[in-house]
Structure formats: C-alpha cells, structure tokens
Amino acid sequence: MDEVTKKEEPENDSREKGSRSGGKPTRFDLLLLLGILLFAGIFWLAVHFLAPKGNTVVVTVDGETRLTLSLSEDREEVVKTGNGYNTIRIKNNEVCVAEADCPDRLCAKHAAIRNSGETIICLPHKLIVEVRDETE
C-alpha cells in the first residue's frame, strides 16, 4: 500500500503582515490617512478664511427682489410671501432666517451665512437669501 503524504498548508491567518483583510493598519495606511486629514484641514481653512466676504444681502421671493440690505448693519426684517413669512436677521456681519412658518423650517435651521455666493433657500415660500459682494 502506498502511503499518501499530506503536506501541511499554513492556515490563512488574516493577521499576517501585509494582509489587507484585517489586522493592524500598515505604515502606508497611517500615512495615507494623515495625508487625507491634512488635505481636508487645508481645504476647510481655505474655504472659511480665504472666501470673499460679502457686504450685501439680497432677498428674492419668486424671482422678484424684495430687499437689498447691508450686511454691516444689524437688523431684522419680516418678509411676507403668498405662503407665509420669514424673519431675516442680520447680526455680526452674518445673515440667517431667524424664524419661518413653513412646514419643515429647514431655512431657519440653516447656519448663518456671510461669504459672497452663499444662499439660504426656503422652497415652500420661494424665498432666496443671498450674500453678494457689491463693492462700489
């Protein structure tokens, strides 16, 4: 009788060095993560600190300009539309929708804006609040 010899094959251990299916992250993984975080941080700084600041707030309802306000003057204005109202608040060179009676109130939950080109939109009231840089 012939004896069959079996070769022992090593078990597939997912914690082997260089394995991509799990285990400890490699040095390359950590450097890649660090690079992505560094890029994201630089991008965030550029967007928030280098973006052109606006000086004018333009409020339109259904395509018609209703208000043009200075961003440097703190004030509050109520804009009445055919579907309800929105209260626009300018404070500390930022503008926000302080209050609204639309069903979802997403416009009122939106963060205050200050950079040129930023907008807050209320779809139910067809209202757009836009910051512009209109230098004289």
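Me: Leaving aside its neighbours within four places in sequence, which residues are in contact with Thr-60?

Reply: Contact means heavy atoms within 4.5 Å. Under that rule Thr-60 touches Thr-65, Arg-66, Lys-126, Leu-127 and Ile-128, its neighbours within four places in sequence being left aside. The model is a predicted one, in which local features need pLDDT of at least 70 and side-chain atom pairs count only at pLDDT 80 or more, while totals for chains, interfaces and linings use all residues. Residues are numbered from 1 along each chain as its sequence is written, and side-chain values use heavy atoms, with hydrogens and water left out.

Me: Where does Thr-60 lie, and is Thr-60 buried or exposed?

Reply: Helices (H or I, at least four residues) and strands (E, at least two) are DSSP runs, numbered from the N terminus. Thr-60 belongs to strand β1, residues 56-61. For burial, under 20% relative accessible area is buried, over 50% is exposed, and values in between are partly exposed (1.4 Å probe, protein chains only). Thr-60 has a relative accessible area of 13%, so this residue is buried.

Me: How many helices and strands does the chain hold, and in what order?

Reply: The chain has two helices and seven strands. Along the sequence they follow the pattern α-β-β-β-β-β-α-β-β. Of the 136 residues, 24% are buried.

Me: Which residues touch the most other members of the largest nonpolar core?

Reply: In soluble globular proteins, nonpolar side chains tend to be buried together. A nonpolar core is a set of buried Ala, Val, Leu, Ile, Met, Phe, Trp, Tyr and Cys residues joined through side-chain atoms within 4.5 Å. The largest one here has 20 residues, and Val-57, Val-59, Ile-88, Val-95, Leu-127 and Val-129 touch the most other members. Two or more residues each come from β1, β2 (64-70), β4, β5 (94-100), β6 (119-122) and β7 (127-132). Beyond its neighbours within four places in sequence, Val-59 has contacts that include Val-79, Ile-88, Leu-127 and Val-129.

Me: Which residues make the nonpolar surface patch?

Reply: Like charges are joined within 9 Å, and nonpolar side chains (Val, Leu, Ile, Met, Phe, Trp, Tyr) within 5 Å. Here Trp-44, Leu-45, Phe-49 and Leu-50 make a nonpolar patch of about 490 Å². Phe-49 sits in helix α1, residues 27-50, and counts as exposed at 56% relative accessibility.

Me: Where does Asp-74 lie, and which residues does Asp-74 contact?

Reply: Asp-74 is in the loop between β2 and β3 and is partly exposed, at 47% relative accessible area. Leaving aside neighbours within four places in sequence, its contacts are Ile-90, Lys-91, Asn-92 and Asn-93. Asp-74 and Lys-91 are 17 residues apart in sequence, yet their C-alpha atoms are 4.7 Å apart.

How values were computed. Patches are made of residues with over 30% relative accessible area and no salt bridge: like charges are joined within 9 Å, nonpolar side chains (Val, Leu, Ile, Met, Phe, Trp, Tyr) within 5 Å. Accessible areas come from the Shrake-Rupley method with a 1.4 Å probe; for residues, only the protein chains shown count as cover. A salt bridge is a side-chain nitrogen of Lys or Arg within 4 Å of a carboxyl oxygen of Asp or Glu.
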